[in-house]
Amino acid sequence: MKKKHVNARLICQVSAAAALVLAGNAMAADAFSSDSKWMTGDWGGERTKLIEQGIDIKADYVGEMGANLHGGYNGDKTGRYSDQFGLGVALDLQKLWGWDNTQAKIQLTNRNGYNISNDRVGDPRAGTLSSSQEVYGRGHMVRLTQLWIQHQFFDNKLDVKAGYFGEGEDFNTFPCDFQNLAFCGSQVGNWATNIWYNWPVSQAAIRVKYNINDELYAQIGAYNQNPSQLEHGNGFKLSGSGTKGTVLPVELVWSPKVNSLPGEYRVGYYKSTADADDVREDVNGFDAATTGDAYKSHNSKSGYWFVAQQQLTSHNGDATRGLNIAANATFHDKDTNFIDNYQSVMFVYKGPFDARPKDDVGIGAARIHVNDDVKKNAELLNVSNGVSDYDNPVFSPIRETEYNYEINYGFHVTNWLTVRPNLQYITHPGGVDEVDNALVAGLKIQSTF
């Protein structure tokens, strides 16, 4: 690890430790109480007073461990750890300054660590399509993840949010209780190559939502597409330099009660106005891998998605417990996108045991399909380079379909700490048939300070 990464991590750890010590001194009786929703407690009641005044301080931690138990590209067994610190504040500006129906938020994140998928599970020449440690990625650095203001008009019918934030906060949203990336968060951002940036990256954006009724709303957004914001050192970049275009998502969201149990159903479409290269054809419509000419440029790319979440049962009349089902599907532009379609299904049972009513157990399966033109392009590159042996370093691995499976158990240790051991099985990592199926042991820690 580079020295500056070590220093940044040390500063974060020392700061967190100092905060805990100060908080502990302020309200020792409340710190680490299992009934508190914060590890540092209520600060002698001061934290609740701040919330009542409109200031809600947010501090959290996610840590994920992955160990390759069997298979994968490299059978040399090891463990990897990645994590994320978050610090922010949510503001109720009506309580603070009398601005009716107005909220704001500032959020910083810092990610560190390494990912078992990069060189143990997947062939480094091809990588994996998903990731066994979803919290990994976007650089070892501090980022401004949220900086926005939000206001409701016309008796809360119209909701407008503007500032810096990511698409996945409002569009194609999905919880992140699994550890494998294929079951965590906004899935469009995982497969819409180089245009839709999920947490912790933010972009200049505006989102407009209209509440049609209590169960149905429609929304549309505009997000600055600026690849330079992914670069190391640009975590606080607010200028528009490097902009390539705009991502325009639109979505309809229905939240019905089925047999008095909650559900949520989303259908949406996105379009990027930035130029995008074809994955196979050159400027003349021939195979670029054969001709050596530049790949054809398209003036946009697009796709659509479906998300369904539904609680199916309650537990002896307790709606906080019971079986939940969720499904995701995304479909992408076949001319320009590396992944052309993805599907997943998950089952989560909350409160499986009377002695552990806040625990949960989950199981999920996902399919990620590589665009057939990407496969054909790699085949043509190998022919052009005169290689056919997979073990030749010049060989371009042929990628088709990767399957990911996860089973986990979430131990609700306290109201501020959940520990989630899991097992993951990855079939054809990276979509490469030559790579052995992999078994990964994981551990996810979620804590709120």
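Predicted model: local features only at pLDDT ≥ 70, side-chain atom pairs only at ≥ 80, totals over all residues.
Colleague: Which residues lie nearest the centre of the second largest pocket?
Modeller: A pocket here is an open set of points on a 1 Å grid over the protein atoms alone, with protein on both sides within 12 Å along at least five of seven lines, while a cavity is a set where a 1.4 Å probe fits but cannot get out; lining residues have an atom within 4 Å of a point. The second largest pocket has 27 lining residues, and those nearest its centre are Pro-175, Asp-177, Asn-324, Val-348 and Lys-350.

Colleague: What volume does the second largest pocket have?
Modeller: Grid points are joined across faces, edges and corners, and the volume is the space filled by probe spheres set on the points. For the second largest pocket that gives about 550 Å³.

Colleague: Is Trp-191 buried or exposed?
Modeller: Trp-191 sits in helix 5 (residues 188-191), helices being DSSP runs of H or I with at least four residues and strands runs of E with at least two, numbered from the N terminus. Its contacts (heavy atoms within 4.5 Å) beyond four places in sequence include Leu-129, His-332 and Tyr-342. Buried means under 20% relative accessible area, exposed over 50% and partly exposed in between, with a 1.4 Å probe and protein chains only. Because its relative accessibility is 2%, Trp-191 counts as buried.

Colleague: Which side chain makes a polar contact of 3.1 Å with that of Trp-191?
Modeller: A polar contact is a pair of N or O atoms within 3.5 Å; within protein, one must be able to donate a hydrogen and the other to accept it, and residues adjacent in sequence count only if both atoms are side-chain atoms. For the side chain of Trp-191, the partner at 3.1 Å is Gln-187.

Colleague: Which residues of helix 7 are buried?
Modeller: Helix 7 (residues 372-385) reaches 20 Å from its first C-alpha to its last, close to the 20 Å expected at 1.5 Å a residue, where the expected span is 1.5 Å times one less than the number of residues. Strand 11 (276-282) and strand 16 are among the elements covering its buried residues. Those residues are Val-374, Asn-377, Ala-378, Leu-380 and Asn-382.

Colleague: Which side chain joins that of His-315 at 3.2 Å?
Modeller: His-315 lies in the loop between strand 13 and strand 14 and is buried, with a relative accessible area of 17%. The partner at 3.2 Å is the side chain of Arg-321.

Note on methods
Residues numbered from 1 in each chain as written. Heavy atoms only, no water.
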